Structures are given as structure tokens and as C-alpha cells.
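Dear colleague,

I am passing on a structure that you have not worked with before, and I would be glad if you could look it over before reading my notes. What I found follows below it.

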Amino acid sequence: MDNSAVQPQQSISPISTSNQPHDAAGSSSNPSEFVNHGLLLWNQTRQQWLGNKKAKEWSQVREPTISWNATYESLLGTSKPFPHPAPLPEMVDFLVDVWEQGGLYD
């Protein structure tokens, strides 16, 4: 291998960890300071997602998705998908009830 074609590596300057304020775009007065653009984009996307959800929607009382007379076999004994998504707390309550009845959960 011919080493004359290999260019020397540039040195990496240390990253400043000063507590300078950032504006909304994530830039600061120090242009060499690291800005995590992925984190900024994630936070922006998260805020958009959360902004589309209303707190009232989460606190509303909903009709149960799982029927009160459902059995383990009728619900989980098949590979057929549910017609509607079952909320996790409701599914946990259902499974705990089934396990308690079967003596599997104390």
C-alpha cells in the first residue's frame, strides 16, 4: 500500500461544555459548541405529537374494550387480532383476574 496517498488526520478540538443559552434552533454564541440536532428534532416531533393529544381525551371514562364475560380462551385462544386495540391497563386487569381464578397469581 502506498502511504503517500494517505492524508494526515486532522486533530479534533475539545467540545465546550459551557452553560451558554441556546436559542430555539439550538445554536449558541459559541460556534464550536456541540448541538445535538437529533435530540432537538426528537423534542420538536414529541411536542407536535403531544400537542395533538388533548388531556381530556386521556381522562375520559371509556367503555371497556374487553367484555365482562370474556374468557381467556375466547380472547387469547386464537391468533385472530382484536377488532379494536385493548388498552394495556384493561388487558392487565383481565389477565390478573384470569390468573387469580386459576390460582396462578397471589
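How many helices and strands does the secondary structure of the protein come to? The count is 4 helices and 0 strands, and from the N terminus on the elements run α-α-α-α. Please keep in mind as you read that this is a predicted model, and that the values below were computed from it.

Of the 106 residues of the protein, 10% count as buried. The accessible surface comes to about 9,900 Å², and 56% of that surface belongs to carbon and sulfur atoms. Turning to contacts between residues at least 6 apart in sequence, 18% of them join residues that are at least 24 apart.

Which residues make up the largest nonpolar core? There are 5 of them, namely Ile 66, Leu 75, Met 91, Phe 94 and Leu 95, and helix α4, which covers residues 88-101, gives the most to this core, with 3 residues. Phe 94, a member of the core, is in contact with Ile 66, Ala 70, Thr 71, Tyr 72, Leu 75 and Leu 76, once its neighbours within four places in sequence are left aside.

Val 98 is also found in helix α4. Why does Val 98 count as partly exposed? The reason is that its relative accessibility is 22%, whereas a buried residue would have to be under 20% and an exposed one over 50%. The C-alpha atom of Val 98 is separated by 10.0 Å from that of Ala 70, although the two residues are 28 apart along the chain; Ala 70 is also one of the residues in contact with Phe 94.

With kind regards

Note on methods: Residues are numbered from 1 along each chain as its sequence is written. This is a predicted model: local features need pLDDT of at least 70, side-chain atom pairs count only at pLDDT 80 or more; totals for chains, interfaces and linings use all residues. Side-chain values use heavy atoms; hydrogens and water are left out. A nonpolar core is a set of buried Ala, Val, Leu, Ile, Met, Phe, Trp, Tyr and Cys residues joined through side-chain atoms within 4.5 Å. Buried means under 20% relative accessible area, exposed over 50%, partly exposed in between (1.4 Å probe, protein chains only). Helices (H or I, at least four residues) and strands (E, at least two) are DSSP runs, numbered from the N terminus. Contact means heavy atoms within 4.5 Å. Accessible areas come from the Shrake-Rupley method with a 1.4 Å probe; for residues, only the protein chains shown count as cover.
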